[in-house]
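Let's take a walk through this one together.

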Amino acid sequence: MPNQIVLKNVTKRYGERTILDEVSLDIDGGETVALIGPSGGGKSTLLRCINGLTPFDAGEIRVGPDVLPAGGNGEVASRVRRKFGMIFQDFQLFPHLTAAENVMEAPIQVLRKSRREAREQAMELLRRVGLEDRGGAYPRQLSGGQKQRVAIARALAMEPRGLLCDEIASALDPELKSEVLDTLAELKAEGLTLIVVTHEIGFARRAADRVAVLADGRVIEHGPPQQVLENPQVERTQRFLRQVLV
Ligand SMILES: Nc1ncnc2c1ncn2[C@@H]1O[C@H](COP(=O)(O)OP(=O)(O)O)[C@@H](O)[C@H]1O
Ligand SMILES: [Mg+2]
């Protein structure tokens, strides 16, 4: 499967502390997995390991055809990053570039597209995320929800097979949250593999094929949303859900 992700016994330590403890998880091509769990449980670290941004200490991660080994491999990591984009809570747009230029940057620099081709693609992607009239705006002139949709368009410009989303709606007001989450639901419908770290339990229930709960560096429970969210088997999951649902 070109867009499957398979983690086998992935272990990550920072100094003496074990941050990911033999995490194993299979994510099918086209599947949407909501990754939930208490703060500090290792969710961001896990996404960074999958994306090759952070090397891990033991185990193996297969992303499509590429196998990331323990200890890291820069060449494999950059191949993975071309195919599986990561989007962050704080957007990380280039402030000195317009929305369209932000979207054009990687296709020009990495894929060696012409400016003209990159611009046409950028306008098409901005249309897809509902921002066709904002291409000339700088990030400071955009709302949080618009900035996050530019960040999504920028990730899509690499024609990814999947996206890793780290709390991308957390900083947004409720109606802007739903703009961004609706955009994700559309990408799922188009067949992208999505791993979505989220505290939006409603989104997880509606859009995820599967929910995985990460706590203290372990996947303590995973399964279909109705099972994990409505009828969790593990006490730690029950406690976490009580906390986020208040
Ligand atoms: N670069 C780092 N150096 C040392 N410890 C880190 C680093 N990044 C994360 N951690 C620690 O790893 C643990 C998991 O963090 P993180 O993956 O950010 O959790 P989550 O995203 O679930 O809140 C936390 O205890 C955090 O302090
Ligand atoms: Mg995090």
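A residue counts as near a molecule or strand if its C-beta atom, placed from the backbone, lies within 6 Å of it. With that cut-off, the residues around ligand 1 are Tyr14, Ile19, Ser39, Gly40, Gly41, Gly42, Lys43, Ser44 and Thr45. Before going further, some housekeeping: this is a predicted model, where local features need pLDDT of at least 70 and side-chain atom pairs count only at pLDDT 80 or more, while totals for chains, interfaces and linings use all residues. Residues are numbered from 1 along each chain as its sequence is written, and chains are lettered from A and ligands numbered from 1 in the order in which they are written.

Back to the ligand. Its shell has two nonpolar, six polar and one charged residues, where Ala, Val, Leu, Ile, Met, Phe, Trp, Tyr, Cys and Pro count as nonpolar, Asp, Glu, Lys and Arg as charged, and the others, Gly among them, as polar. Helix 1 (residues 43-50) gives the most to this shell, with three residues; helices (H or I, at least four residues) and strands (E, at least two) are DSSP runs, numbered from the N terminus.

Four strands form an open, antiparallel sheet in the order 2-1-4-5, with pairing taken to mean at least two DSSP bridges between two strands. At the edges sit strand 2 (17-27) and strand 5 (66-69), each pairing on one side only. From one strand to the next, the twist averages 20 degrees. Strand 1 (residues 5-14) and strand 2 pair over seven bridges, and Lys12 stands opposite Leu20 in strand 2. Helix 1 touches strand 1, strand 2 and strand 4 (58-63), and its direction makes about 60 degrees with that of strand 2. Contact here means C-beta atoms, placed from the backbone, within 7 Å; axes are lines fitted to C-alpha atoms, for helices over the stretch in contact, and angles run from 0 to 180 degrees between N-to-C directions. Helix 2 (residues 74-83) lies across strand 4 and strand 5, at about 130 degrees to strand 5.

Finally, look at strand 9 (residues 210-215), where six of six residues are buried, that is, with 20 or more other C-beta atoms within 10 Å of their own, all placed from the backbone. Strands 9 and 10 form a hairpin with two residues between them, and Asp216 in the turn has a positive phi of about 50 degrees.

How values were computed: Buried ≥ 20, exposed ≤ 12 C-beta atoms within 10 Å, placed from the backbone. Contact = placed C-beta atoms within 7 Å.
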